[in-house]
Amino acid sequence: MFYNIKDFGAMADGVKVNTPAIQSAIDECHKNGGGRVLVPSGTFVTGTIYLKSNVELHLEMGAVLKASGNFTDYNGPDAYPESYGLMPSEYCDWRNLIIAHKADNVAITGLGRIDGNGEEIFDVCKKCEGFRAYIWSYGFSLQKDLSNPRPGPLVVFVGSTNIKVTDITITNAPAFCMLLQGCENVQIRGYRCFNERFHANTDGIHIDTCRNVTISDCVIDTGDDAIALRCDAVRLTNGLKICENVTITNCVLATSSSAIRLFGYKGEGHIRNVTVSNVIIHRAAKAFNLTTSYNPEGRTVFEDVIISNVVAKNVSFPIYMREYNDSTIQNVNINNFHAASFAGAFMISQTGGKIRNISINNMSLDIIPAPFTATREDLAADCRYLRAENGRNVFYLDGVCSSVVDCKRITIPEDLRANWDKNFYLKNCENVKI
């Protein structure tokens, strides 16, 4: 069954807020056992809509769902119990455009576009005072009115199963573009995402404590993490505790932060069984970022991660691993990886010996001139843990054990060689083969 939102009173004039009409079409489709809700060509302004079980929201070519500029058109912070909107934030208040909460068999498809109206929300680009050069090197922007947090994430799936997102485009997001929280059996294919490179928190895809996820054939060019995985099960009500069985392939990524990021959050977490393959990264602060804690209290275990067939250019850090709080990063294989970077690769275990069984094979690394002026002090500030006097080393390993780093080629132009101290710097390492 097809349900055209125009038949429920929606108007594509770019002005009228069509939330009731779109929601009525979804509700009718759901009530009748499911089917497709069609958004035809044209620009339809809307506030929060709730996607329900057995409903496919289909945006045909030329269709635009545009987020309302009036924040009162969105859900409140208590729209669902897992909402982070219940936790005050200076950045966004968890008002969402599309919510699928504990829904089964849901989809967002089509060659249409979801416009988050972010250009009306963000301030002009400014120099990021929190970092020096290697991260957010293009500048940084938050909302114009810091007393009024932004909506976001734009599209959320929470505690849902059998999810499909194909071919849609998201632009101008006010915060995360897409968040999946506590979901199972997810397919994201052919998704495109385009945001300003200086807009903060505009993650392309954010996977939180999900199981059985495939991400393929996507193009993401955004200001914050392109694809991020974390495990923060504290707010979940469906029993999921581990983020696992995630595969990412055939994607082209660009970001001012991390292209692929695995990170811990505030509590205990576990991320395992992750593969990344056939990926092009053409702009990033960190190509691959594995950090076990987002803040001092977090503690997440990473294990069984395979990264293969990757080209990463115009990046600051090709590999960035950081273990905190007696956590673990183990069984990570990186194969067939070519990078061209401004800074080197870092693997640092704060606890010592908790980064282990790392295998880097058939890697090549070209050091290239940075498009910004940066000093050793800048590098130390952006790494947060690295003292400036340690210098610049292509591979910096501290507290790593039982690992192999096989870099077939390291090239540093003659005019840059004086800025670099060593190709490999090992500290507190055991059984590491270079």
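A: Start with T351. Its relative accessibility is 38%, so T351 counts as partly exposed in this predicted model. The cut-offs explain the label: buried means under 20%, exposed means over 50%, and partly exposed lies in between.

Where is T351 in the chain? T351 sits in the loop between β26 (345-349) and β27 (355-367). Now look for S327. The C-alpha atoms of T351 and S327 are 7.8 Å apart in space. In sequence, 24 residues separate T351 and S327.

Next, the rings. The whole structure holds 14 aromatic pairs. One of them joins W94 and F176, with ring centres 6.2 Å apart. Their planes meet at 70°, so this pair is edge-to-face. W94 belongs to the loop between β7 (63-67) and β8 (98-101). F176 belongs to the loop between β13 (169-171) and β14 (178-181). The pair therefore ties together parts that are 82 residues apart in sequence. W94 and F176 are both buried.

Another aromatic pair is F317 with Y320. Here the distance is 5.5 Å centre to centre. The angle between the planes is 70°, and the pair is edge-to-face. F317 is buried, and Y320 is buried too. Both rings also belong to a cluster linked by ring pairs. Its members are Y134, F317, Y320, F342, F346, F372, Y396 and Y425.

The charged end of R230 lies over the ring of Y265, 4.3 Å from the ring centre. The charged end of R392 lies over the ring of W420, 5.2 Å from that centre.

V311 is part of strand β24 (residues 299-323). At 30% relative accessibility, V311 is classed as partly exposed.

Finish at helix α1, residues 19-31. At 1.5 Å a residue, its 13 residues should span 18 Å. The end C-alpha atoms are 18 Å apart, which agrees. Which residues of α1 are buried? They are T19, A21, I22, Q23, A25, I26 and C29. An α-helix has 3.6 residues a turn, so residues three or four places apart point the same way. Just after α1 comes G33, with a positive phi of about 100°.

Notes:
Residues numbered from 1 in each chain as written. Predicted model: local features only at pLDDT ≥ 70, side-chain atom pairs only at ≥ 80, totals over all residues. Heavy atoms only, no water. Helix = DSSP H or I, 4+ residues; strand = E, 2+ residues; numbered from the N terminus. Buried < 20%, exposed > 50% of the residue type's maximum accessible area, 1.4 Å probe, protein only. Expected span 1.5 Å × (residues − 1). Phe/Tyr/Trp six-rings, centres within 6.5 Å; stacked < 30°, edge-to-face > 60°. Lys NZ or Arg CZ within 6 Å of the ring centre and 35° of its normal.
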